[in-house]
Amino acid sequence: MSVLLIVLLLSSIAVLIGNNYFISLKRASYLEFQSNSLNLFRGMEFLGKKKIMQEIRFNPIISNNNSMFVNNIFLEDESGYIFSEIFDASTCFNVNSLVTKNDGIFTPNSNQIKSFKKIMYLKDVDDIDTNQMIDQIIDWIDADRRPRNFGLEDYFYTGPSNSNQQYADNRMFYTLNELKNIPSFRGENWPHLSNFLCAYPINNFAININTLTKTDGLLFSSLFKELSEDDADYILSNYPESGFKDLNELYMSYQDITFGELYGNIAFSSNIFHLKTRSKVEDFEASSSSIIYFKNNNNSYILSRNYNGI
């Protein structure tokens, strides 16, 4: 009986040691996967930037049928794979475009304000709420201490009524989530508005209308004073795959549609892209998301990186 008890005890110890060894081995494999994935993601960013640069250098028009959007970057071996997809990141309203920067000073951009107001109007947002959003965004970005009519400055954010004590940053927004610091974007307004907005800290942002899809009618309509959402939907549903080279070509193709004054900054190419990468090695998976900005054809920057599963 004593022998059986000893054998049982030794078996339990062996199982415990085996489990600990297996966990340690799994942890070591995962740490190696982490390190390799980070290097692979940086390598895919390099390949992505090179591919984008070739396209925008030799193609004055970037549309949805461009090869960089159609052909993914894909690498594979016996242990796993990694692949990247490229998307145009200019198909949104950049909240930082509500201001312009001249000699280091941020001032309101009247045309972009009109475009933003039209988006809010089409989304049935009250005028007062819209004005609060605009003024609070501008006050958060600009360096002066004078609140706009519906704006807020440091005394509000540092006051006793605000549980999250902070200062207005006096800079552009770097991520869309930073808008949650602003009272007018809290609560019900956020979920149904955030899909149309983005936050890129650049001055020369323009929406590439050649990469809008039929689901972007509201955004397209906001770029022109008199363009209705129904007409915008119609245009995007019948948009040529090759896109348009300029506004005149767009107007000539839809002569029976009234566009009116141009509100937003539009382009027929793009200088900002979204690179999404996924990798899998055996049982481990990870993903990354990078925003790549091309200041010109030769200089590119990573505006933001986000790694998941690492």
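Biologist: Are Trp 140 and Phe 173 buried or exposed?

Modeller: This is a predicted model, in which local features need pLDDT of at least 70, side-chain atom pairs count only at pLDDT 80 or more, and totals for chains, interfaces and linings use all residues. Residues are numbered from 1 along each chain as its sequence is written, and side-chain values use heavy atoms, with hydrogens and water left out. Buried means under 20% relative accessible area, exposed over 50% and partly exposed in between, with a 1.4 Å probe and protein chains only. On that scale Trp 140 and Phe 173 are both buried.

Biologist: Which kind of pair do the rings of Trp 140 and Phe 173 form?

Modeller: Rings of Phe, Tyr and Trp (its six-membered ring) pair if their centres lie within 6.5 Å; planes under 30 degrees apart are stacked, over 60 edge-to-face, and the rest tilted. The count by this rule is 16 aromatic pairs. For Trp 140 and Phe 173 the centres are 6.2 Å apart and the planes at 15°, so the pair is stacked.

Biologist: And which kind do Phe 273 and Phe 294 form?

Modeller: Both Phe 273 and Phe 294 are buried. Their ring centres are 6.1 Å apart with the planes at 85°, so the pair is edge-to-face.

Biologist: Which strands hold Phe 273 and Phe 294?

Modeller: Strands (E, at least two residues) and helices (H or I, at least four) are DSSP runs numbered from the N terminus. The two residues are 21 apart, and the pair links distant parts of the chain. Phe 273 is in strand S9 (residues 272–281) and Phe 294 in strand S10 (residues 284–294).

Biologist: Which residue makes a side-chain polar contact with His 274?

Modeller: His 274 is placed in strand S9 and counts as buried, at 18% relative accessibility. A polar contact is a pair of N or O atoms within 3.5 Å; within protein, one must be able to donate a hydrogen and the other to accept it, and residues adjacent in sequence count only if both atoms are side-chain atoms. At 2.5 Å, the side-chain partner of His 274 is Ser 289.

Biologist: Which residues does the disulfide join?

Modeller: A disulfide is a pair of cysteine sulfur atoms within 2.5 Å, and the structure holds one. The S to S distance is 2.1 Å, and the residues joined are Cys 92 and Cys 198.

Biologist: How many residues apart in sequence are the parts that Cys 92 and Cys 198 tie together?

Modeller: Cys 92 and Cys 198 are both buried, and their link is right-handed, with 85° about the S-S bond. Cys 92 lies in the loop between strand S2 (80–88) and strand S3 (93–94), and Cys 198 in strand S6 (residues 197–198), so the parts tied together are apart in sequence by 106 residues.

Biologist: What is the relative accessible area of Leu 98?

Modeller: Leu 98 lies in the loop between S3 and strand S4 (99–102). Contact means heavy atoms within 4.5 Å; leaving aside neighbours within four places in sequence, Leu 98 has contacts that include Phe 93, Phe 116 and Ile 138. Leu 98 is buried, and its relative accessible area is 0%.

Biologist: What share of the residues of the protein chain count as buried?

Modeller: The secondary structure of the chain comes to nine helices and 11 strands. Of its 310 residues, the share that count as buried is 42%.
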